[in-house]
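I opened this notebook to record what I looked up in one structure. The entries follow the order in which I made them.

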Amino acid sequence: MSGPWSSRVLKSHSWHALLAGTVACVVAVALFITLANTLYLGWHDFYFYMTKMRTWLSFTNTLWTSLLSAFLSLLLAVPAGYALSRHRFPFADAVQTILFLPVLISPCAVGVFLLACCRAIPVQPLTEALGLRLDHALPGVILAQCTVICSFGILLSKTAFDGVAGKFEHVSHSLGAGEAGTFFRVVLPMAKNGLFASFVLMWARAAAEWESLMIFVGAIQGRTDVLPLAVYLDFTSGRLGFALSMSLLCLLLAMTGMVAVRLLGGRHHVWS
Amino acid sequence: MCGREAAGFFPTIFGRRTWFASGVCAFAVLLLMAFAWLFISGSRLTSWEGFASLSRQPWFWRSVKLTLYTALATTALAAVLGVPAAYALSRFDFPGKKAAEVVFLSLLVLPASSVGLMLMVALQYPPVRLLQDSLHIRIVHSLPGVVVAQLVLALAFGVVAWRVAFDQIHPVYEHVGRTLGASSGRVFFNLTLPMAGKGILTGAILAFSRAMAEFGAVLILCSTFRFRDPGRFSAVSKFLGIDRADILAVAMWMEMEEGQMERGMALAFIMLGLTAVFVYVLIKMKKRAFHEYTGS
């Protein structure tokens with residue numbers, strides 16, 4: 001017997017087996033699907049497509065765009081999450097509804113809205129003045145990723161800050177520390193693991209984003225094709241080998257990220 | 001609003017007019033304005049005529065029904081699989097538990113295109129193909145396939161929420177139930193499930209909205225149905241009135257691809273409205289759960 005949640009009283013064998021069986025069932029199906037894909041592709045082909053330049057171009061594009069957007073979004077989302085966790089906003093429910101909408105809305109709809117927004121007032125003149133091109137270019141990819149994971153990040157960092165009891169700040173204030181000092185020396189270190197886990201989740205979510213890219217950025221091979229988008233493009237153009245090896249690569253990325261989240265052990269709730 | 005403010009350390013942002021508090025809130029307000037403008041500026045691409053023309057499309061109401069039915073079926077399946085799984089993950093230690101947790105988590109962040117493609121290959125793999133042939137069913141490119149494609153993400157979102165719901169119930173209640181002579185199953189159904197009711201509902205709403213929003217996996221696994229030969233739909237789907245229709249997300253993409261911006265944008269606003277209702281309900285439920293928990 002280990003862990004506070006398991007106990008001999010709860011242990012009735014058939015019931016235990018039934019419940020663990022559902023977990024085993026889902027894991028077995030997931031394993032079967034992965035195995036079927038690997039066998040279908042074959043080791044030889046996997047190796048062949050892995051040595052192709054295109055695969056690695058997509059891979060590096062995915063990696064740096066998603067890391068950059070996760071970093072940018074974290075910078076925006078952590079203060080916003082702290083504000084939502086500690087301060088009382090007027091119309092708080094409506095404010096949170098708008099801030100958390102992009103987590104749950106179809107990413108495809110996010111793409112449609114971004115398409116409209118980029119022709120509207122503040123974005124259009126701004127990008128023109130900066131000489132930045134959003135459609136059919138990587139800055140657009142980063143913008144689309146940021147939109148989705150910013151909202152995700154606010155939710156995750158709010159949860160991380162909710163897990164730090166307010167009494168610590170109270171003590172810190174009563175000992176004479178300022179608000180900024182308290183935040184950086186008390187709250188941030190306490191929420192550290194949760195925030196690291198949020199970062200990894202945001203990064204993995206950014207690396208999986210493609211529906212909004214398809215509508216908003218447009219798919220140009222060799223220019224905007226991050227891995228998930230390249231999977232779709234290659235699937236529709238019949239290059240199944242590329243598509244399959246890239247989707248296995250996506251799976252590896254996702255698994256790596258989630259092992260990191262599990263090791264960090266932050267409260268990785270999507271909604272709580 | 002979460003409980004920290006209820007404790008009264010930061011009553012309002014105006015109560016403590018420090019630079020730091022204002023700066024932190026400025027981030028939230030900035031992001032709020034950005035998201036609000038993102039959604040408002042969408043109205044430039046559509047008009048009431050867009051909504052009217054959408055509702056006149058013969059496929060539109062069938063699509064609404066199809067989205068509703070498939071999302072409901074997906075949620076039901078996800079609950080049947082996910083609630084016991086979440087309970088097991090929350091309460092028991094078993095070999096390979098950590099690996100199982102990683103699998104459930106990574107479903108959350110798998111790209112939908114990858115999910116669709118991998119499901120496609122696995123469902124066409126010889127043993128599975130033979131099984132489908134012998135049962136005279138076909139999942140790829142059919143309406144049941146929509147449910148299969150939606151299930152992956154819906155299950156991932158649901159299990160996370162359900163696990164939190166069970167984690168919040170102290171097992172001492174179950175111990176008491178067991179010592180009073182109830183079986184493990186009876187304790188689960190008569191005690192744990194009712195106590196976790198709100199959390200289960202939260203997970204179900206999450207799973208439903210995620211199923212409704214799913215696009216990529218459905219597009220790859222099932223393609224589109226709107227222009228397909230009517231003879232290829234089963235009698236059941238015709239009876240339910242969901243034949244020759246696409247789920248709303250796929251329909252929106254098709255409208256955008258065909259250059260029907262007004263109708264595509266109108267569909268985007270419909271999905272936005274539905275999701276906003278779900279998010280608002282989730283926030284309200286969480287707030288009430290917190291107040292019940294603290295007795296405030």
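I looked up B:Arg244 and found it in the loop between H13 and helix H14 (248-257) of chain B; helices are DSSP runs of H or I with at least four residues, and numbering starts at the N terminus. B:Arg244 is not a glycine, yet its phi is positive, at about 45°. I noted its relative accessible area as 28%, hence partly exposed; the classes are buried under 20%, exposed over 50% and partly exposed in between, with a 1.4 Å probe and protein chains only.

On provenance, I recorded that this is a predicted model, in which local features need pLDDT of at least 70 and side-chain atom pairs count only at pLDDT 80 or more, while totals for chains, interfaces and linings use all residues. Residues are numbered from 1 along each chain as its sequence is written, chains are lettered from A and ligands numbered from 1 in the order in which they are written, and side-chain values use heavy atoms, with hydrogens and water left out.

I then turned to B:Ser223, which is in the loop between helix H12 (216-222) and helix H13 (235-240) of chain B. Its phi is near 60°, again a positive value in a residue other than glycine. B:Ser223 counts as partly exposed, at 28% relative accessibility. For context, I noted that most residues other than glycine have a negative phi.

Next I examined the chain as a whole. Chain B has 15 helices and zero strands, and its C-alpha trace spans about 60 × 55 × 30 Å along the principal axes. Of its 296 residues, 56% count as buried. Among contacts (heavy atoms within 4.5 Å) with a separation of 6 or more, 78% join residues 24 or more positions apart.

How is chain B divided by the domain assignment? I found domain 1 (13-45) and domain 2 (50-294), with bounds from an automatic or database assignment. Their centres, taken over C-alpha atoms, are separated by 32 Å. Four residues of domain 1 are in contact with five residues of domain 2. The two domains of chain B bury about 420 Å² between them, 80% of it on carbon and sulfur atoms; buried area is the accessible area (1.4 Å probe) lost when two parts are put together, summed over both. On the domain 1 side, B:Phe39, B:Gly42 and B:Leu45 supply 94% of the area buried against domain 2, more than any other three residues.

How values were computed. Helix = DSSP H or I, 4+ residues; strand = E, 2+ residues; numbered from the N terminus.
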